[in-house]
Amino acid sequence: MATQKQNDTVSELKEAISASKKSFLIVGFFSLFINLLMLVPPLYMLQLYDRVLMSRSEETLIMLTLIVVVLFITMALLEIIRSRILIKVSNKLDSTLGHRIFNSLFDLANKNPGTASSMHLTDLNTIKQFMTGNGLFAFFDAPWLPIYIFVLFIFHPLFGYFAIFATIVLVIFAVVNEYSTKEKLGEANSLGRASTLYVDANLRNAEIVNALGMKSNIRQRWDEKYFGFLNAQSEASNKAGTWTNISKTSRMLFQSLMLGLGGYLAIHDEVSAGMMIAGSIIMGRALAPLDLIIGSWKNFSGARSSYERLDILLEKFPKDQEYMELPAPTGEVLLENVAVTPPGAKQTSIKGISMLINKGDVVGVIGPSAAGKSSLARIILGLWPLTSGKSRLDKADIYQWDKELLGKYIGYLPQDIELFEGTISQNIARFNEVDSKKVVEAAKKAGAHEMILRLPDGYDTVIGAGGATLSGGQRQRVGFTRAIYDNPVLVVLDEPNSNLDDQGEIALVQAIKILKQNNTTVIIITHKPSILQVTNKVAIIKNGLLEVYGDTNEILSKMNAAAKEAQARQKVQSQQASAKISLSKPGS
């Protein structure tokens, strides 16, 4: 069963393309008639040479010309319809997979931070472009090659055999082109993506790069990646260009040789002059799809690489399971022996923590740096996959909740605050339809209302990506307002006062008191003990383990007592050290 499920997942992209199977069959059916109509020019020339010129009949010429015009118009209509069908197929593929890929990219960003980018959406566009380009038409036209060879056999067996020989030669060129460029094109694609990701990652830190004069060093590292990409691409393009030109020259040579063969047969009265000309034209038309396939092989290879990358992405992040909609949560959090290893890390950051946070509890989580506090927040919110244990919200596994439905009940202020391009009000409303009353209510509750009114356009102030136009404290206050928008039942705050001034911290404490009065469950991760005054429980985490968890007053009393004891010990040690130094003076 597991294997079968995996196979189904792997083939999701294939299934999306296979959903347009009927459209591809119709395109293939039209290709048959288009390729039959491609015989019109050589047959028209054959009739001109062998019938019209011999009979000198204007009526025959006019009739043949009218027939040819009608057939060409028909062929043009079939070509237009074929192109539009493939455009619809590509748009259908986009509508089927666009949202899936978009969602998978965010899952990838959660699981492997720093590896996700919009390039997978570019991969989808690459496949779409190939599906609507001439390269794909060549693949549809190539199977009708036997039609042309059959006609050449009708003209003369030597024409047919020569066409088969020429076809074999061009197929060999296509195979050699594939094997000689596949490795380098794959390497170029990989290096190209790596260099783009590297630039994107460093552009997000442009401020520190400019401030510390790191631009040249960063560029030097980018050069290594980028020039590696250029070298691989150049080598692949050189080989592809060589075989493309050889193929094109060979096709023209074979077409000319066919004309020479026809001339030889015409001299011996085995074919007519019209057959000689028509045979050369049909030969060129027969080999054209193969020549086009070789010429567009780079695009085909790019589309194939994009297909493989998308297939891997969709396999790693299958479509979200549809869970039954659960009742609105109340805010109870239960951790059952949870353990987690951060994405990309080898060491476990949380090592078997169990704790119950009741509805309405305000819990302060403290501990030294790298103790696992932020990891705990991500476990509670279901952002990272667990190594073991269960994280529950209202007794239900957090991973059984539909994240889209659960989101409105959750408030989260991460340590690295991210705001999005748009207005202040849109950011606070989480880009739902802006409810002015709720936005202002949240801002007042967060103590940010007056600060927002002082901005150039108040709530309608447009901020850039990441909130670049705001100060660190302003971003934190807007992010906190967003976290408590629409009265969530669970609010997780990771270092919510790290960028706040005294006024901002007073507003934060007051807002948490309001949340506490509303019976909202609040989890505060902090290094500043001052904010613990609004909590009723405190958890101390060290080295990924829950060291202490209980009533705030009791724990703070113990901490104060321990601190006083340590201070007294230090004072005694200092006095003893001073006494030793004094005693040593006479003998010095």
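User: Leaving aside its neighbours within four places in sequence, what is Ser 306 in contact with?
Analyst: Ser 306 is in contact with Asp 123, Thr 126 and Ile 127, leaving aside those neighbours; contact means heavy atoms within 4.5 Å. This is a predicted model, where local features need pLDDT of at least 70, side-chain atom pairs count only at pLDDT 80 or more, and totals for chains, interfaces and linings use all residues. Residues are numbered from 1 along each chain as its sequence is written, and side-chain values use heavy atoms, with hydrogens and water left out.

User: Which side chain does the Ser 306 side chain make a polar contact with?
Analyst: That of Asp 123, at 3.1 Å. A polar contact is a pair of N or O atoms within 3.5 Å; within protein, one must be able to donate a hydrogen and the other to accept it, and residues adjacent in sequence count only if both atoms are side-chain atoms.

User: Is Ser 306 buried or exposed?
Analyst: Buried, because its relative accessible area is 2%. The cut-offs are under 20% for buried, over 50% for exposed and partly exposed in between, using a 1.4 Å probe and protein chains only. Ser 306 lies in helix H13, residues 297-316; helices (H or I, at least four residues) and strands (E, at least two) are DSSP runs, numbered from the N terminus.

User: OK, Ser 31 now. What does its side chain pair with in a polar contact?
Analyst: The side chain of Arg 82, at 2.8 Å. Ser 31 is in helix H3, residues 21-37, and is buried at 0% relative accessible area. Not counting residues up to four places away in sequence, Ser 31 also touches Phe 140, Asp 141 and Trp 144.

User: Switching to H5: how exposed is Glu 58?
Analyst: Glu 58, in helix H5 (residues 58-111), has 59% relative accessibility, so it counts as exposed. Ile 80 is also in H5, but is partly exposed at 42%.

User: And H20, how many residues does it have?
Analyst: H20 has 16 residues, 502-517, and reaches 23 Å from its first C-alpha to its last, close to the 22 Å expected. That expected span is 1.5 Å times one less than the number of residues.

User: Which strands and helices do its buried residues pack against?
Analyst: The buried residues of H20 pack against strands E3 (362-366), E9 (490-494) and E10 (521-525), plus helices H17 (436-446) and H19 (472-483). Among those buried residues are Glu 505, Leu 508 and Ile 512.

User: What follows H20?
Analyst: Asn 519, whose phi is positive, near 65 degrees.
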